[in-house]
Amino acid sequence: MINQSTICAIATAQGGAIGIIRVSGPDSISIVDSIFRGRRPLIDAPAYSLHYGSIVDADVIVDQVLLSLFRAPHSYTGEDSVEISAHGSPYILQTICSLLIQKGCQPAAPGEYTQRAFLNGKLDLTQAEAVADLIASQNASQHRVAMQQIRGGISQKLSDLRTQLLKLTSLLELELDFSEEDVEFASREALIKIAREIRDEITRLSSSFSAGNAIKNGIPVAIIGAPNVGKSTLLNALLHEDKAIVSDIQGTTRDTIEDCINISGSLFRIIDTAGLRHTDDVIEQMGIERSRKAAEHAQIIILMRDNETDYPTLDIRDDQTVIKVHNKSEHFQALTGKGMDWLEQELLKNAPTANNDEVLITNIRHKQALDISLLDIQRTLDALEQNLPGDLIAEDLRQCLHHLAEITGGAIDTEEVLGNIFSHFCVGK
């Protein structure tokens with residue numbers, strides 16, 4: 001066990017019929033025992049047991065509760081833990097927390113329970129970060145990705161890569177140790193084959209960030225067109241609310257406006273933009289420049305025209321999808337909602353999805369570490385192909401191992417980095 005203090009916090013949102021208080025740490029069972037009256041003392045109770053009784057303040061009953069008892073190391077945090085299920089009254093929950101603090105508990109900091117789980121080896125860093133993603137999930141795709149990471153999907157992929165890297169490192173070390181003897185443990189061709197396999201897998205993981213980030217944060221969809229073709233009307237129709245001002249006056253939209261919608265379990269981040277045209281208005285020019293940047297960063301571009309204008313010209317990348325919408329036509333009218341079902345289906349057809357077995361990178365920290373690792377293994381591969389000495393190659397391999405280990409927390413040794421990650425959790429988790 002790493003932590004010595006015992007912490008407590010309300011772990012459920014206000015307003016429910018039941019509220020849960022989590023207590024974790026070396027003295028959790030004895031502290032809860034001091035304010036609990038049940039059939040027998042908790043200190044003698046077995047792990048994974050439930051206990052019905054009362055929380056008391058002196059001789060006054062605060063509430064009748066149900067306790068769940070866990071003993072180290074078989075708990076979420078890896079410590080002795082007790083979860084108190086009480087009625088959801090804010091007064092009751094705060095009173096119980098106050099009693100626990102009086103008896104020696106410390107109030108838990110945001111994310112401290114999950115941080116302790118990480119420090120006690122119950123989770124690695126990718127799993128710990130996925131807990132926050134699971135809590136924040138709003139649709140089936142986000143839930144699947146977060147659950148896949150909590151189950152150790154990324155960890156297993158990185159473990160496989162580590163095994164391959166260690167194999168490569170070992171073969172190089174043997175080559176160095178027996179360089180003066182006529183012994184060959186592996187040909188350079190075999191080493192190159194392993195290095196290429198590692199490079200390809202790191203590339204695949206890094207490339208999955210585009211889909212993973214879109215699932216996690218919403219697929220960016222930019223609505224692009226000339227002024228007055230109905231872009232703001234389309235945004236309002238997709239959102240089913242008057243989010244953007246609609247006017248016949250050209251140049252009404254001077255900045256990007258965005259909001260998210262959930263279509264059949266997929267999250268889309270819809271961005272309304274200023275109309276593309278030539279103008280001498282400095283402010284409108286700034287809005288048009290932002291429109292082009294929105295189109296550049298979008299995964300899907302809804303390109304709009306009407307009967308008076310044509311589709312604008314844009315530089316479209318191969319990894320972007322364009323959906324052309326002829327507004328105010330026989331088949332599509334954003335103002336009346338005609339054709340909106342078709343547009344939603346087109347958006348869904350181009351939305352990334354995740355199955356239960358697919359590993360997607362959703363965290364920019366993981367993406368950056370993978371990209372650095374990719375440079376390391378590419379230098380290794382180049383050196384092998386150029387038949388450079390093994391001692392030069394070994395250093396790049398060690399760097400690759402180091403940067404991959406940072407993803408799961410194997411190379412993390414500063415409280416500052418951990419504190420930054422866990423500070424984004426809610427209290428009680």
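The model is predicted, so local features need pLDDT of at least 70 and side-chain atom pairs count only at pLDDT 80 or more, whereas totals for chains, interfaces and linings use all residues. Residues are numbered from 1 along each chain as its sequence is written, and side-chain values use heavy atoms, without hydrogens and water.

The protein chain contains 14 helices and twelve strands; these are DSSP runs numbered from the N terminus, helices being H or I of at least four residues and strands E of at least two. Of its 429 residues, 47% count as buried, meaning under 20% relative accessible area with a 1.4 Å probe, protein chains only.

Five strands form an open sheet in the order β9-β10-β8-β11-β12, with mixed pairing; two strands pair if DSSP finds at least two bridges between them. At its edges lie β9 (257-263) and β12 (321-326), each pairing on one side only. Strand β10 (residues 266-272) is antiparallel to β9, over seven bridges, and R269 in β10 is the bridge partner of C260.

The largest nonpolar core has 29 residues, of which L165, I198, I202, L370 and L404 touch the most other members. Such a core is a set of buried Ala, Val, Leu, Ile, Met, Phe, Trp, Tyr and Cys residues joined through side-chain atoms within 4.5 Å. Helices α6 (153-177), α7 (188-207), α12 (364-385) and α13 (390-408) each supply at least two residues of this core. Apart from it lies another core of 26 residues, including A214, A237, I261 and I302. In soluble globular proteins, nonpolar side chains tend to be buried together.

Methods: Buried < 20%, exposed > 50% of the residue type's maximum accessible area, 1.4 Å probe, protein only.
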